Amino acid sequence: MLQKTSHYMRQANLIGGEWVQADSGATINVTNPATTLLIGTVPKSGQSETRRAIEAAEAAFHGWKKTSAFERSKLLRKLHDSIMDNQDALAELLTMEQGKSLAEAKGEVGLSAAYVLWFAEEARRTYGDVVPSPWVDRRILVTKEPVGVVAAVTPWNFPSAMLSRKIAPALAAGCTAVIKPASQTPYSGLAWGALCEEAGFPKGVVNIVTGSAAEIGDELCSNPLVRKLTFTGSTEVGKILMAKCAGTVKKVSMELGGNAPFIVFDDADLDRAVEGAMIAKYRNSGQTCVCANRFFVQAGIYAAFVEKLAVASEKLKVGPGLEAGTQQGPLIDENAVKKVEQFVRDATSKGAKVVSGGKRHPLGGTFFQPTVIAAATPDMMFMKEEIFGPVAPVFKFDTEEEAVRLANETEFGLAAYFYSSNLGRAVRVMEGLKYGMVAVNEGLMTTVEAPFGGVKESGLGREGGHQGIEDYLDTKYVCLGGLGI
Ligand code: NAP
């Protein structure tokens, strides 16, 4: 498998169909978070390489936008097949640079392929309208056209799937792209270049640049040839990029941070809730934007829930992602561990109790124990901030109103979860939660068929579902006159 993995491990930018180094020859080291050993390097590019990538994408756009939806769909289906044929190699590459277990990495690569297939199908359904005209001698047509060159900036936590949700609809719509993957996990992004080449996408349709986030970001946001920026990452960086895009009035899509509540009512199926909590909390070692950040549990079952969650979390097998049976890998870097430690320290200093875990894992490095914290209160850091680590703080509540109020007490609004067997309550709470996505009696809800995205400071736009292609299309109104009828 290693041979195949190295085939997809590209250590160069892809610009206009050529694999090239940074103009300065400078590189960035990429390390394996499980071992801290060097995996390889990628170009440390900046403004000039980014500008050339944008120009290559613009040049390719003129031909690509004229292809038929059927042709684009066919290429995307080939891309899907190529991803699935190489799922193991791509998963291994992902685990090496990101740290998650091989099983999760395989799942992520499978999800990436599923998005490609979904948008291969959606490519053929970007319908417009023929509107009844107020004039007898004119017709009103509304058509959809690709926006043009799309810039995509992606994070390290899902380096393949987050890119897939952008590149697949962009290509399906007839746009070309310039991609900037996260510096800690660039290889899963660069692999898309090799995969798109193999599938037969024309040169310049997909361009990938690695390097200085600020320099690349500035060019992507200020260059007038870029007509849309799609970003997944922190709210802090998202706000900066939105402001920079205002200068050239680009379309923007923002998939930003979350602070997901996970509410368990007294009437819930307790075992089901614990099972869901394990997935919603510890997937990717707690490093997902939809990870449960705050558990609110009703007083009647509070003690039982905490105990069961602690028992289940202690059973998780922590280890290097490539090792058989590993369920939780390391955190991405030392800063992430320090941040998690800070959450635990802050909570215990304010009266919370560590029920399980709470410390660095004996494996050392950036491994952290799956942690459950009881007696969490709203004055603690995790009420406001994203933990992004394997720590489950459990708050106690008495009434439904209190739970919904606490859940909404955040500037974020990405995902929310709750467990109840009361139908009336389910509808009340579902409607009361100010979130872009709500899972009822489920701990995992992401699927290509549904629109993924947040409200408030969690972002703008939706990825997946039939909505996912809309952001890559402009609406054109054509008034067809002079018909002589
Ligand atoms: P991040 O620090 O915001 O980085 C995300 C991407 O932005 C990286 O490629 C990074 O490049 C780049 N970047 C950073 N500063 C930039 C700048 N000034 N100009 C242009 N690009 C810049 O976020 P992260 O730590 O990688 O990811 C974790 C965050 O993403 C969490 O908040 C999580 O909730 C969020 N997230 C949201 C979703 C969603 O769908 N809503 C999904 C996944 C993750 P470098 O790597 O080179 O610094």
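1. Domain bounds here come from an automatic or database domain assignment. That assignment gives the chain domain 1 (11-255 + 457-475) and domain 2 (258-438). Their C-alpha centres lie 31 Å apart.

2. The model is predicted: local features need pLDDT of at least 70, side-chain atom pairs count only at pLDDT 80 or more, and totals for chains, interfaces and linings use all residues. Residues are numbered from 1 along each chain as its sequence is written, and side-chain values use heavy atoms, with hydrogens and water left out.

3. Between domain 1 and domain 2, about 1800 Å² is buried (accessible area, 1.4 Å probe, lost on putting the two parts together, summed over both). Carbon and sulfur atoms give 58% of that area. On the domain 1 side, E104, W156 and S458 supply 25% of the area buried against domain 2, more than any other three residues.

4. Which polar links cross the interface? Nine residue pairs are in polar contact, both residues at pLDDT 80 or more. The rule asks for N or O atoms within 3.5 Å; within protein, one must be able to donate a hydrogen and the other to accept it, and residues adjacent in sequence count only if both atoms are side-chain atoms. The count of salt bridges (side-chain nitrogen of Lys or Arg within 4 Å of a carboxyl oxygen of Asp or Glu) is zero.

5. Helices are DSSP runs (H or I, at least four residues), numbered from the N terminus. The largest share, five residues, comes from α4.

Terms used. Helix = DSSP H or I, 4+ residues; strand = E, 2+ residues; numbered from the N terminus.
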